[in-house]
Amino acid sequence: MSSPANSQNVGGFVNQLLHHHADDDGRLLQFLIEIQGRYGYLPDEALNLLSQRLRRPRAEIESVISFYSFLHRIPARYRIYFSDNITDRMLGSADLQQRLRDGLATSKGVEITSTSCTGLCDQGPALLANGHAIGQLAPPRIDEIIDLIQRQIALEDWPAHLFEVSDSIHRRDRQMQFEAMPGEALSQALHRGGDWLLKQLEASGLRGRGGAGFPTARKWRLCKDTQANDHVVVCNADEGEPGTFKDRVLLSTDAHSVIEGMTLCARVIGAKQGFIYLRAEYRFLLPQLQAVLSQRRQQGLLGESILGQVGFDFDIDIHLGAGAYICGEESALIESLEGKRGIPRVRPPFPVQHGYSGLPTVVNNVETFWSATRIAMQGAEWFRRAGSAQSAGTRLISISGDCSRPGVYEYPFGTRIDTILEDCGGLPALAVQIAGAAGNLVPAVEFARQLSFEDLPTGGSFMVFGPQRNLMDVLQNFAGFFRHESCGFCTPCRNGTRIVDDIMRRFQTGRACHTDLERLKSILRLMQKSSFCGLGCSAPTAFVDALQKLPAMFDDCLAATDNSPCFDVEANLSESNELLRAPGGDHA
Amino acid sequence: MPEFTIDGRRIGFTPGQSIMQAARDADIYIPHLCYHPDFAVHGSCRICLVKVDGRFLTACTLPAAEGQMVENLTPEVQSYRRQLLEMLFTEGNHVCPGCEKSGACSLQSVAVYCGMLSPSLEFSFPLRAVDASHPDILLDYNRCINCELCVRASRDVDGKSVFSMSGRGADSHLRVNSVDGSLGKSTISLQDRALEVCPVGAILRKHQGFNVAIGQRRFDLQSIDQQGETGDERD
């Protein structure tokens, strides 16, 4: 890794890679990820070869590269990305980043920067070193990394203990208590035959666990009923919502159930190909996931004639993401799977009608497939016994922030916020952010509210903010996140995320005036009403909650008078002052 | 023929048509910028936002359905459009008084039509380039609004893919597919549809600036709702 790229080995490597995948244009993003993994950046030579062999203009390939945060055109031996979720910040990531910068001030070939939440909030602060996750950062660990880099130790030779990721599960309810043996749910579904599984799923009331909550059975049926030569199953493992990591834990502890759920879906909709779209931050799970896939192929649970059933052919390929939150949106994810920029598609048509390569496609969250396996085993009634009318069953939530026991918890829908806070050691708390940066900010007075689609829907993130926190810091963090992650396709989100971030910065520096407050409100409303996809529509949620429920927090941050300048005059003049003072300047 | 209602008027539609297509057939103007009847629906500018049965959706992407109640020119919808237009004006560097597309610019005309005469948002004054490398065509990134009409026209009609989009978020921008990224080295030609379709002054023919007198320019003669057209649309 990161060896200096000389043209011969680049050519050889890329040619071999392309040959191995029969010049499949749809794998462009995967090729780029592999080339970068090999050389630490994307050399010119590689792009030229890709352009020639895939018959795509080089500029188009560069456009794809420019969309993904983790693809680079400039070499660096070490790329260190600090996870910049609010929970990492609360654990002191800024100081740790500074410590690393100071320690490596004179080292060459090192790039140190921040990235969006890396999904290790239960063991943060965290970073990615050349794409490999390192959690539990503290000064000694930072010093160890400084030492390794100063001694120019290649990343693959760094001690294994740095890369250990633990799976902390603190509460198991009916779904986690039940252990599914590989193949059991599939045999059950095959044995019952016909529409049995779909009917069970329908009766179970299972709704998508990614956040939007679309009824799973309806999605599968819509896809099944769309006539086509083939259908596709996609597992959305692009767990990018800040504060979420339960999919990481599921993939690490029970990948069999997730893949079995995908296979059940394939059986129902008649799919031959499946994909797991794994976020780049979870690359460390790749070897074990591939091992599970090959194990299942050997056991006759994947591949041709699954469980001896002639005509039941289904296999799964894993595609990696490359640092783009928007790819968690199902149509953007499909674009990315096809090797393109992750821009959401116009709907209708919906992916169930026209998805990957134009084929009817089911895209479900990791947990949804995992639950489908359990429902196939235990039945709809068993599942329904937990939860509420609109929100059947239990779900997993990832708890992080100011609490003594961060980790994954399984709760029936309808559980109160204060119950959860008590269990995780999160009381007293100022507020909780439900469902990630795009979700609801729930202040303490509302802790009697419940997790459910009827009240507070959640994609699985639950971030706790203790009494010592300033919620304006939280909002500022979210504003920066959305500005960085907006895909830029539609007018309101491309501009709105930028404007909201600018206004929040002004609030933080005490330079905001009443006009900013009014503008903030109207921009948020515009984004909610007019954005092209869920990202732009949901990005304002926490801000709107805060403005409604905690208006004093904003008022307290306003500048003393509406006539104070909204920018730092000195800072803005610094460049011209410097030029004037420079030798040769007019006033030198 | 199934019907829906737009601003109190019932109009018929052919199943499969979008609200935009049905409205055009009925000679009802819905302000828009990235929509063009000749090209694939895009849905990025959001100017054709309409309120349908209480929800805000874009007329270009929403299939018409029997009984829909569509609000097009209501104060609420128009106020959202003005905000979107403010965003488009302030994220780039639009120099209307000096721009040779003035008077024939869809962005300007839609803004006039919707009542967005002066943006209240701060200008972001981005640093953007002017590409004058081509002998006959000027590409001024300052005035680009990311509508991707040229991208679609060059790819789908001209068969050249001269343009594509690059970057992400506020950094999303048009780029030229040529060895050095310049228009001069690209395969664009004066006959290309991509050249005609630009609704603003980002892609301009050289050697003919300001050849139409003020008062005689396209939208001086007839406002955009009368023409109902974007860029080079012709009946």
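This is a predicted model: local features need pLDDT of at least 70, side-chain atom pairs count only at pLDDT 80 or more; totals for chains, interfaces and linings use all residues.
Colleague: Is helix α3 of chain B buried or exposed, taken residue by residue?

Modeller: Eight of the nine residues of this helix, which covers residues 106-114 of chain B, are buried, so the helix is largely enclosed by the rest of the structure. The buried residues are B:S106, B:L107, B:Q108, B:S109, B:V110, B:A111, B:Y113 and B:C114, and they pack against α2, α6 (218-221) and α7 (224-227) of chain B.

Colleague: How should I read a sheet, and what is the strand order in the open sheet of four strands in chain A?

Modeller: As a general idea, strands of a sheet pair through backbone hydrogen bonds, either parallel or antiparallel. Here the order is β8-β7-β6-β9 of chain A, and the pairing is parallel. Because β8 (315-320) and β9 (361-365) of chain A stand at the edges with a single partner strand each, one side of each is left without a neighbour in the sheet. Neighbouring strands of this sheet are turned by 20° against each other on average, with direction ignored.

Colleague: How many bridges join β6 to β7 of chain A, and what lies across β7 and β8 of chain A?

Modeller: Seven bridges join β6 (residues 231-237) to β7 (residues 271-278) of chain A, and one example is A:A237, whose bridge partner in β7(A) is A:L278. Helix α14 (residues 286-298) of chain A lies across β7 and β8 of chain A, running at about 170° to β8(A).

Colleague: Which residues touch the most other members of the largest nonpolar core?

Modeller: The general idea is that in soluble globular proteins, nonpolar side chains tend to be buried together. In this model the largest nonpolar core has 229 residues, of which A:V234, A:C235, A:V258 and A:C265 touch the most other members. Leaving aside residues up to four places away in sequence, A:V234 touches several residues, including A:F275, A:Y277, A:L333, A:L337 and A:V363.

Colleague: How many residues of each chain are in contact where chain B meets chain A, and which element of chain B gives the most?

Modeller: On chain B 31 residues are in contact with 28 residues of chain A. On the chain B side, α2 (75-91), β8 (163-166) and β9 (173-176) each supply at least two residues, and α2(B) gives the most, with six residues. By residue type, this side of chain B divides into 13 nonpolar, 13 polar and five charged residues.

Terms used: Residues are numbered from 1 along each chain as its sequence is written. Chains are lettered from A and ligands numbered from 1 in the order in which they are written. Two strands pair if DSSP finds at least two bridges between them. Axes are lines fitted to C-alpha atoms, for helices over the stretch in contact, and angles run from 0 to 180 degrees between N-to-C directions. Two residues are in contact if their C-beta atoms, placed from the backbone, lie within 7 Å. Ala, Val, Leu, Ile, Met, Phe, Trp, Tyr, Cys and Pro count as nonpolar, Asp, Glu, Lys and Arg as charged, and the others, Gly among them, as polar. A nonpolar core is a set of buried Ala, Val, Leu, Ile, Met, Phe, Trp, Tyr and Cys residues joined through C-beta atoms within 7 Å. A residue is buried if 20 or more other C-beta atoms lie within 10 Å of its own, exposed if 12 or fewer, and partly exposed in between; C-beta atoms are placed from the backbone.
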